[in-house]
Amino acid sequence: MSSTFPLKGKKIIIGVTGSIAAYKSAELVRLLVKEGTMVRVVMTCSATTFISPLTLSVLSKSDVISEINANEHWNNHVELGLWADLMIIAPCTANTLSKMANGLCDNMLLATYLSAKCPVVVAPAMDLDMYKHPSTKQNINTLVKYKNHVLNAPKGELASGLHGEGRMQEPSDIVAWASSFLSGKQLFKNKHFLITAGPTYEAIDPVRYIGNHSSGKMGFALAEEAAKQGAKVTLISGPVALEIQHPNIQRIDVVSADQMFKACKKHFKKADVLIKSAAVADFKPQVAKTNKIKTKKNLTITLDENQDILKYLGTKKTKKQFIVGFALESQSGETFAKEKIKKKNLDLIVLNSLKDKGAGFGHNTNKVTLIDSSFKSKKLPLMAKSKVAKYILSAISDCIL
Ligand code: PMT
């Protein structure tokens, strides 16, 4: 029963805080109850000005708690904290994030959070500048450090009329997350993944570099998915503008191919699976000038070849390790990808083409072909990089589990 309907019979606390997105908590509660979940709702005082406790009480079929001083309810936070299998705080304002990160306890929701013995997941909702603010980022990092799960707040139209990051995840996505989390489908629970993402920058002088257009989205999607499926992940990332959310991901930032090589060598031994989705610069200037090169008509830069990190690690691979490479091609993709499998001693390669619309660099989508070491290939249609990540992990689990 529990694997087909992972939410059935589960006990979930929904914490609601004072954001306009509070209206979505009604849908969240409704969806969970429909799945057979037992739901209790705890609201902050300001949340009650956005959505009525009566609405959430009717939908959850239970009393809603919002005050800490109600005579018979003063210690409900302890009882709730012990009762629940999961606490979801959605929407979570910048104010509540900050209080959670600092251990404040001036309302029933915070008291419940501090008492909760179950995993806690937070779905932030706020305006884009508030979401971007370093203090918010720091509070999110603190919560992740405390082993909470923080969902990202995707881009979209915000209540302020602005467009950007800060929207609460859709209730159906939160339910899907909870379902996957509680399903116990932690396939890679005892596995360690080493994943690389993003570009590398090779300095020409203190101002300029050789780089490429990788955004890191593919590698980050893989890291998030592997962590969701229970893996411990070391993510080595070149310079990207992305945040990582999952507490099981250790992120190591690097800039150049040499730095990525060094970090990969250090972490490869303990990895069960290596996924090399980074776009490593193949060349670096022989000398990185210490002073800015003055403008001139002609400039010759002598380039040295960078270490092929994947090829090197392929030579060090043990029987217990599984290596996934990527191939970014613009022509004869399958032929080149198969050559790379042999040359770099890979178990699987993910081929994407610069010729396919919506695939490769920068997009939220990708179109890939998975080719294994016996050259069996599986072409996938264009889909979100998060979904591509699921397919890649499923191909890995078919081989190693
Ligand atoms: O980051 P995004 O914007 O989401 O874009 C995703 C992506 C296009 C970067 C990704 O899907 C991808 O294709 N990554 C690999 C890009 C690449 O460098 O491909 P390649 O065919 O040149 O290299 C083959 C493999 O060797 C890759 O796994 C690469 O990481 C590795 N390599 C390459 C050169 C080098 N010096 N060291 C390496 O380890």
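Analyst: A disulfide is a pair of cysteine sulfur atoms within 2.5 Å. This is a predicted model, in which local features need pLDDT of at least 70 and side-chain atom pairs count only at pLDDT 80 or more, while totals for chains, interfaces and linings use all residues. Residues are numbered from 1 along each chain as its sequence is written, and side-chain values use heavy atoms, with hydrogens and water left out.

User: How many disulfides does the structure hold?

Analyst: It holds zero disulfides. The cysteine sulfur closest to that of Cys45 belongs to Cys105 and is 14 Å away, which is too far for a bond.

User: Now the sheets. What is the strand order in the six-stranded one?

Analyst: The order of this open sheet is E3-E2-E1-E4-E5-E6, with parallel pairing. Strands E3 (64–65) and E6 (149–150) are at the edges; each has a single partner strand, so one side of each lacks a neighbour in the sheet. Helices (H or I, at least four residues) and strands (E, at least two) are DSSP runs numbered from the N terminus, and two strands pair if DSSP finds at least two bridges between them.

User: What about E2 and E3?

Analyst: These run parallel and share two bridges, and Val41 stands opposite Val64 in E3. E2, helix H2 (residues 53–60) and E3 also form a right-handed β-α-β unit. Five of the six residues of E2 are buried.

User: Where does H1 lie?

Analyst: Helix H1 (residues 24–34) lies across strand E1 (11–16), strand E2 (38–43) and E4, at about 175 degrees to E1. Contact means heavy atoms within 4.5 Å. Axes are lines fitted to C-alpha atoms, for helices over the stretch in contact, and angles run from 0 to 180 degrees between N-to-C directions.

User: And the eight-stranded sheet, what is its order?

Analyst: That open sheet runs E13-E12-E9-E14-E17-E18-E20-E21 with mixed pairing. Strands E13 (249–253) and E21 (377–379) stand at its edges with a single partner strand each, so one side of each has no neighbour in the sheet. E9 and E14 run parallel, joined by four bridges, and Ile195 stands opposite Ile275 in E14. H9 packs on this sheet, touching E9, E12, E13, E14 and E17, and its direction makes about 165 degrees with that of E9.

User: Which residues touch the most other members in the largest nonpolar core?

Analyst: Of its 34 residues, they are Phe193, Ile195, Val233, Ile275, Ile392 and Ile396. A nonpolar core is a set of buried Ala, Val, Leu, Ile, Met, Phe, Trp, Tyr and Cys residues joined through side-chain atoms within 4.5 Å.

User: Which helix gives the most to this core?

Analyst: H9 does, with seven residues. Another core, of 32 residues, lies apart from it and includes Ile14, Val29, Val64 and Leu182.

Conventions: Buried < 20%, exposed > 50% of the residue type's maximum accessible area, 1.4 Å probe, protein only. Right-handed = clockwise from strand over helix to strand, strands pointing away.
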